[in-house]
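Let's take a friendly walk through this protein together. Please have the sequence and the 3D view open as you read.

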Amino acid sequence: MENGTAERWGFRGNEVLSTASAITIRGVLNEVMGNINESDPRPVIPLGHGDPSAFPCFRTTQIADDAVADALRSAKFNGAIADYLSKDLPYKLSPGDIYLTIGCTQAIEVILTALARPKANILLPRPGFPFYEARAAYSRLEVRHFDLLPEKGWEVDLDAVVSLADENTVGMVVINPGNPCGNVFPYQHLKKIAETAKKLGILVIADEVYDHLTFGSNPFVPMGVFGSIVPVVTVGSISKRLLIASRVFSIFPLTRQPLFRRAVPRILEKTGEVFFSKIVNILREAADVCYDTIKEIPCITCPNKPEGSMFVMVKLNLSLLEDIKDDIDFCVKLAKEESVVVLPGVAVGLKNWLRVTFAIEPSSLEEVLLLMSFLVLAYINPYRGDPQPWADPDCADVALYFLPCMHELPPQPVVVSLESSTQ
C-alpha cells in the first residue's frame, strides 16, 4: 500500500471454484500447446479439438449461411425445432418443451443452477466433459462420479450409480454418443439407465451434442425415448452435426444470438440427408484409420473402436516408456518434438489415458498418428521387465513395423492436433 503498511482485506478468491476450473479442456490444451517448438517449420496438427469446421471436408452448408441472413425477417422458431426433434421420439414435443440457449455450456449452466439446493449432489460420468464439474462447483452441487467401463464398451457402471445415490441426489448425466470415449449406447443399456434412475427417483440429463454422428453397429437412440419411464432433460446442439460453430459464432457474438436462433428452423428443415451422410462417412473412414493405426503403436491400447462422435480414448502403458511421467508429460513431449497436439486424459477424468480427435482430413490422419509412434519409439524401453529386447507383446517387431515408414514422410512433416477447442 502507499504508506507501506499491510492491510487486511475482507475478500478473497473462491477456492472451490478455483479448484474446479483448474482442469478444463481449453486450459490443458493451452498448456500442451505452450510447449510447441516455435522454430519447428512444420504446421501444428490439432488432434485435441472438438470443432472440426476448420478442415475443408467438415464445412457447413450454404443453407446455414442463408438461414442466418433470413432470420432477420422471422421470429417463430421453437415450434419448428420441436417438430424436428419429435421425429426421433414416440411422442410429439410442444414449443414449450424447447428452451434455446447460447450454446450447450449455457444449457448446462441453466440446468445445474435449477437443480442446485442445499446438500444436493449430482452423478457425473468418468471420463466425461469437465464443464459439468466446473459448473456444479459454481452452483454448490456436490459431484459424485460413476465409472464408464471400457471392457464393456464404455457402458455406465449401474451398480456404482445405485451405491452413490442417496436422498439428496438430484440427477445423473448421460453423454451419448460418447465424449470422450466415442461409444454409442445400445437401446437396452439406455433402458436400464432409465429404469435405474426411476428406482432412485432422479432426473436424467441426456447430453446428446453428437446425436446422429454414429457409424458403428449401434444406431443413435435419444434418451427421450424413455421419457415415459423417467424425466429426461436433453442437451443438444447443431454446432457438431451441422459444423457451424466457429463460423457462425464468430460472425454473431452474444449480443446478436437471437438472430441466429431464428435461423435454426430453416437450417434443420432444409439441410438434406446427403450432407449428413457425407459427414458420417468421413468420420467413419477417419475412425477406421485412427483405430487401425493406433492398434499398431506400442505402449498405447485402444480398448474399443469408436462408433460415434469424433473421439476415442486410448491408454498409455507407462511401464514400457522411459522418462515419461504421465499423460500430461507425454502430450507435452508430443507437442514439443512432433508438433502434434493431443488431450491428456486427466482433463476428462482418466489419468494416463489420451483423448484423440479423429475429425481431421482422413488423408492426413495416418501420417499424424505415425508421428505419435515416432515419439513412442524414442522413449520406449524394450528391456524393461524382461532381459530380452522387444520380448513384450506390446513392443514386438515395433522397429520392423515403423522404421521402414520413416523415409516415406515428406521433407517437412505436418503438425497435428487431435483435440478439440470446446468439447
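## A phenylalanine and its contacts

Leaving aside its neighbours within four places in sequence, which residues is F358 in contact with? Keep in mind as you look that this is a predicted model. On the list are F215, L283, A286, A287 and C290, together with P306, G308, S309, M310, F311, V312 and L365.

F358 also has a place in the largest nonpolar core, a set of 114 residues. Along with M172 and F330, F358 is among those with the most contacts inside that core. Helix α11, residues 273-294, supplies the largest share of this core, with 11 residues.

## The protein as a whole

Stepping back, the protein contains 14 helices and 13 strands. Of its 423 residues, 52% are buried. The protein exposes about 19600 Å², and 53% of that area is supplied by carbon and sulfur atoms.

## Strand β2 and its partners

Now let's turn to strand β2, which spans residues 121-126 and is mostly covered, with 5 of its 6 residues buried. Strand β2 runs parallel to β3, and 6 bridges join the two. To get from β2 to β3, the chain passes through helix α6, residues 131-138, in a right-handed β-α-β crossover.

Strand β2 is also joined to strand β5, residues 169-175, by 3 bridges, and this pair runs parallel too.

## A closer look at D147

Strand β3 covers residues 142-149, and D147 lies within it. Is D147 buried, partly exposed or exposed? D147 counts as partly exposed because its relative accessibility is 33%, which falls between the 20% limit for buried and the 50% limit for exposed.

Not counting residues up to four places away in sequence, D147 touches R126, E155, V156 and D157. With one of these, R126, D147 makes a side-chain polar contact of 3.0 Å. R126 belongs to the residue range of strand β2 (121-126), so you can look for this contact where β2 and β3 are joined by bridges.

Methods. Residues are numbered from 1 along each chain as its sequence is written. This is a predicted model: local features need pLDDT of at least 70, side-chain atom pairs count only at pLDDT 80 or more; totals for chains, interfaces and linings use all residues. Side-chain values use heavy atoms; hydrogens and water are left out. Helices (H or I, at least four residues) and strands (E, at least two) are DSSP runs, numbered from the N terminus. Buried means under 20% relative accessible area, exposed over 50%, partly exposed in between (1.4 Å probe, protein chains only). Contact means heavy atoms within 4.5 Å. A polar contact is a pair of N or O atoms within 3.5 Å; within protein, one must be able to donate a hydrogen and the other to accept it, and residues adjacent in sequence count only if both atoms are side-chain atoms. Accessible areas come from the Shrake-Rupley method with a 1.4 Å probe; for residues, only the protein chains shown count as cover. Two strands pair if DSSP finds at least two bridges between them. A crossover is right-handed if, with the strands pointing away from the viewer, the path from the first strand over the helix to the second runs clockwise. A nonpolar core is a set of buried Ala, Val, Leu, Ile, Met, Phe, Trp, Tyr and Cys residues joined through side-chain atoms within 4.5 Å.
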